[in-house]
Amino acid sequence: MSNVKIWINNQEMTVPSTYTVLDAANDADIYIPRLCFLKDISETSACRLCVVEIEGLNTLKNSCTVQVWEGMKVHTNTKRVNDAVKNNLKLLAANHHFECWVCHREENCELLELLRRYNVPNTMGEDPTFSKKTSYCNISNSLTIDTSKCILCGRCVSACNHYTGLGILDFNRRGFDTYVAPANNDFIDDAGCLYCGKCIQACPVGALSGTSDEDIVIDYLNNDNYYVIAQLAPAVRAALGEEFGNPIGTNVEGKIYRALKRMGFDEITDVNFAADVTIMEEGTELIGRIQDHLQGKETHLPLFTSCSPGWIRYIERYYPEYLPHLSTAKSPQQIQGALIKHIYADIINVPKERIKVVSFMPCIAKKDEADREQMKDKGVKDVDAVLTTREFARLIRRFGINFNNLQDYKPESPLATYTGAGAIFGTTGGVMEAALRTVKAFLEKEDKHTIDFTQVRGSVAIKEADLVIDNQTFKVAVVHGAANFPEMFRRIKENPNKYIFVEFMGCEGGCINGGGQPIVKARDLETIDVCKLRAQALYTIDSENKIRRSHENPNVVSLYQTHLGKPGGELAHKLLHTTYSKKEVFGEKK
Amino acid sequence: MKTKQDLNKIREENLKKLNLLDNNKYRVVVGMASCGLAASADVIYDIIEQTIKEKGLKDISLTSVGCIGECALEPIVEVYDKDNNRYTYCMVNEKKAKEIAEKHLIGGEVLNRYLIENFKKVTDEEGKVIDVPNYQYRIALKNCGIINPLEIDQYIGLDGYKALEKVLFEMTPEEVVDVVTKSGLRGRGGGGFPTGLKWKFTAANKGGQSFVICNADEGDPGAFMDRAVLEGDPHAVIEAMIICGYAISATQGYVYIRAEYPLAVERLQYAIDKAYEYGLLGKGVLVSNFDFDLEIRLGAGAFVCGEETALIASIEGERGMPRNKPPYPASQGLWGRPTVINNVETFANVAQIILKGADWFKAIGTEKAAGTKVFALGGKIKNTGLLEVPMGTTLREVIYDVGGGLTKGKAFKAVQTGGPSGGILTKDDLDTPIDYDNLVRKGSMMGSGGMIVMDQDNCMVDIAKFYLEFTVEESCGKCTPCRDGNLRMLEILNKITDGKATMKDLDDLRKLALMIKDTSLCALGQSAPNPVLSTLDKFYDEYLEHVVNKRCPAGVCKNITKLLITDECIGCGKCLRNCPVNAISGDVKKKHYIDLELCVNCGTCKPACPVNAIVSL
């Protein structure tokens, strides 16, 4: 790689020849505005805000994709450039629906930030001469698309393609009438969408959002008739702090518990507990299948994990022939809900109809999961409302709670106890590692107390590892990010007997990078490995926990002794397992 | 599979036929491109064929050909005799067709009154018929209207595929690129980029798969040069694409053509099939070791897909949206591979250049723009149609001598070139020799060759609006300035033509136009403000009149126009009969009046008046 000498604003610099003008400016800390640019994901040069003047060229050029050349002279702050940026911002503003105070991007809207910085008046938007575009809404139980706020930067379209390989979102119509939606604005739920939520996080404004249950939760809390129980997912504690200015990867578990208490939740539980239960169920299922297999009985191996609702939506739509491989165990969220409604309700002596279970999740697909028909029992849902990490932060603000000043709190509920294994569920490889710890212990003639399975950790798209039990070696695999699923299936098809267990997570990095997590600014994403930092918080919780294997959680053990009986037993099966079915994409309209 | 020798034999035979050196006495051709067919040329063809059959005429060859170029005079029948005389019968109807067949073909009598000379008279200002030199010089349209596009043999007869032979068996790829470079051929699609250079850059990246693409996504309003070539002489394009493939080491070509050209698609596909049959396409072209495949890709009619990166996206199956350049297609084009994209007309020049040499081509036209250019002449001009003139011909020569001047003897006001990307040229520019750089210097551009002539009845604000409406409709919606900015400009223009604009709007309009030009992603966006900017520059007074006095001088902008009948009125009643809302009253031979309460300012009465007594205020 050679270097070239260039000048930006008369400042001489030597940069690699593969650099774009924007790379060079970033290195020199020269500010260039941008909206449509997401490094390596969306480099479409559509917004025309990063334009610069390059000497010798007739028109302004976008700095995000134009590569540097020897002797290039760039100007980023001339009147011509500033006017162009300002005028383009004016055009964008004129076609944007401003209702910032109810918009979930109020705190971190990239358009608003630029409008402030360039002091752009919205004269054009307020002049009745100028028409507004036609807007469309596409709202499902999990995802809301509101094109009135869309500025057509195309970041969601690129992100959808990049992260899922499915291309659910795209541009419809053209010119001024262009809008982003599934093909022909068909209902998003029918369009094969996974609800990974990557589009929401890619969006610079509030055109995409999770469909919020905030007000429902407030109603629950204000209704004395309800006994409202909160459950906190593993990954939320590693990210919520970011919403309040804490560094990425800060564990704010204690403050979250305190905030929930302040808000008036009657009881606070932790999904990590249910994660431990999940391992009991899924682990038992795996052991059963391995034993069947070893005895030559027909069984479905590899077993697939079933914790990630994005992944469940994926397999039901794109690889339904593999559904028998899917663990029938519910996800931790639903296990916790079912345990609360059908067992814990009796213990605390509150009728289950009066109990409202509210989940705090890093994920928007969890909203859809809670709505599944299989997750209801005679009209009683396992989980009544699901809030994402972002919605949780908004709720905390709406309650006027000064989050950073909160004292840590530890809930007393037995359903809030967890092991290190439960804690790492929130990151890629976590479910696998937790399962391996328990399965190995169960199958080994003598328990060797193996805790760390580092092969399954880290950011590699598909990780393979060996599970050695006494003298026998089994292969397992971990895959995260829906875009990598086809490759995983290719490997499984190529060698159907290779793996015994595969962990699938819909999001790259697992739940810690879920679609409901705080939005990291496009510019920060270029330099920070968000997944790694957040995952580290979970691994620290794990390593600091005295108990690190799910089957050693004393409350889990007693739950099985007093109520459930054996893992995979009759009652456990009724409450904690579910079914799946093939789903059509763009199926026939009813 | 045909060999070189086979082609030579076909060539000899067909050249004889075309020159009537066979047993035939006459060669009769009927122009049956889209324009001819629209004027029922097929009926005329049938009548002549029928007569030939009925009368048992054995010494006449009847053939359908592509566009002859005189669009306003369709249907056209041409008769060639053994002495190489050519008689062009215009506006042939069923009666005339029978007459031509019976009198000329049987009796040998030339029907002078139907000949083109009666229709295309060039007059001077006093109406006296004058002789003008023939400016036309046909390279790209060489075979159009001469050969039957469905007969590959006829194409071969007129030196078809001879250039391909020469290239394959006598030249190296580098030599081919060299000849094209030296010829000075520049892209005829609008930008005018040197073709040889494009080929050279692409050839420099060879090594893997490269592609040749022919851009036949002609979309400018009023432009139909490419269609004429594809309908009239498809093999010229096919041959050039194979030559280009050889020059840049590409073995796959695509013709990207809009589906709204069904006849062109049909004829091109037929020609491709024939070329495969003859072994001119496919494995081992002309029994050489060069392979070349050619496929058609249909566009769905998006104007932006004429932009090369959007075109590439469209072929790849993506939404037709432009990508940023660089990287240019020459290095990363179709599926990321080196790609040459040339326009139909550009390709149509290539075989000739190879055959006759770079020097021959360079000698035609001007120093910086060699060769000829095909124009589609339209608007308020007498001889609308297709013409091909050497570069450097002046606008005056094209409009007055070739085009025969304006209709109804009205005064020339402006000519629009370059379609929605171009601009307006005025009386002051009439003596400008037409070439790429001159037109750009004058605030317009060559574009693909549409040329719309306007007279005093055209409102320049309205014209700007017309083109902008087109771009607003055709913007792909990708980049902010083009997607949003163009509509905002149009909305300001609407304000102006509605008489609601202020001077600030005029200022905003210019600023917006300059910004869009400066920051848009692709050439479509960058040139979209051109019609606005050039009318603002050259007809600022007219804008001012709209803004300050709320008046449209040409009487076009309905919302600010009031129509009035002057004392010139002779009371003929033509206006009264033409008024759709019965707003005009008056007795015969007495002055008529317009009821302004009823009048909708449609302006229908204005051209109906024989004495120009209706004026707008």
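**Exercise 1.** Decide from its C-beta neighbours whether K408(B) counts as buried or exposed.

*Solution.* Step 1: recall the cut-offs. A residue is buried if 20 or more other C-beta atoms lie within 10 Å of its own, exposed if 12 or fewer, and partly exposed in between, with C-beta atoms placed from the backbone. Step 2: apply them. K408(B) has 10 C-beta neighbours inside 10 Å, so K408(B) counts as exposed. Step 3: locate the residue. K408(B) lies in the loop between α15 (395–402) and β11 (412–417) of chain B; helices (H or I, at least four residues) and strands (E, at least two) are DSSP runs, numbered from the N terminus. Step 4: check the backbone. K408(B) is not a glycine, yet its phi is positive, about 55°. Most residues other than glycine have a negative phi.

The model is predicted: local features need pLDDT of at least 70, side-chain atom pairs count only at pLDDT 80 or more, and totals for chains, interfaces and linings use all residues. Residues are numbered from 1 along each chain as its sequence is written, while chains are lettered from A and ligands numbered from 1 in the order in which they are written.

**Exercise 2.** Classify R173(A) by its C-beta neighbours.

*Solution.* Step 1: R173(A) has 13 C-beta neighbours inside 10 Å and therefore counts as partly exposed. Step 2: its place is the loop between β8 (170–172) and β9 (179–181) of chain A. Step 3: R173(A), not a glycine, has a positive phi of about 55°.

**Exercise 3.** Find the residues that a cis peptide bond joins to P302(A) and to P326(B).

*Solution.* Step 1: in chain A the bond joins L301(A) and P302(A), with omega about 0°. P302(A) sits in the loop between α10 (271–294) and β13 (303–304) of chain A. Step 2: in chain B the bond joins K325(B) and P326(B), with omega about -5°. P326(B) sits in the loop between α12 (308–315) and β8 of chain B. Most peptide bonds are trans.

**Exercise 4.** Describe the open sheet of four strands in chain B.

*Solution.* Step 1: write the order, β7-β6-β5-β8, with parallel pairing; two strands pair if DSSP finds at least two bridges between them. Step 2: name the edges. β7 (293–299) and β8 (339–343) of chain B each pair on one side only. Step 3: take one pair. β5 (residues 211–216) and β6 (residues 252–258) of chain B are parallel over six bridges, and V212(B) has G253(B) as its bridge partner in β6(B).
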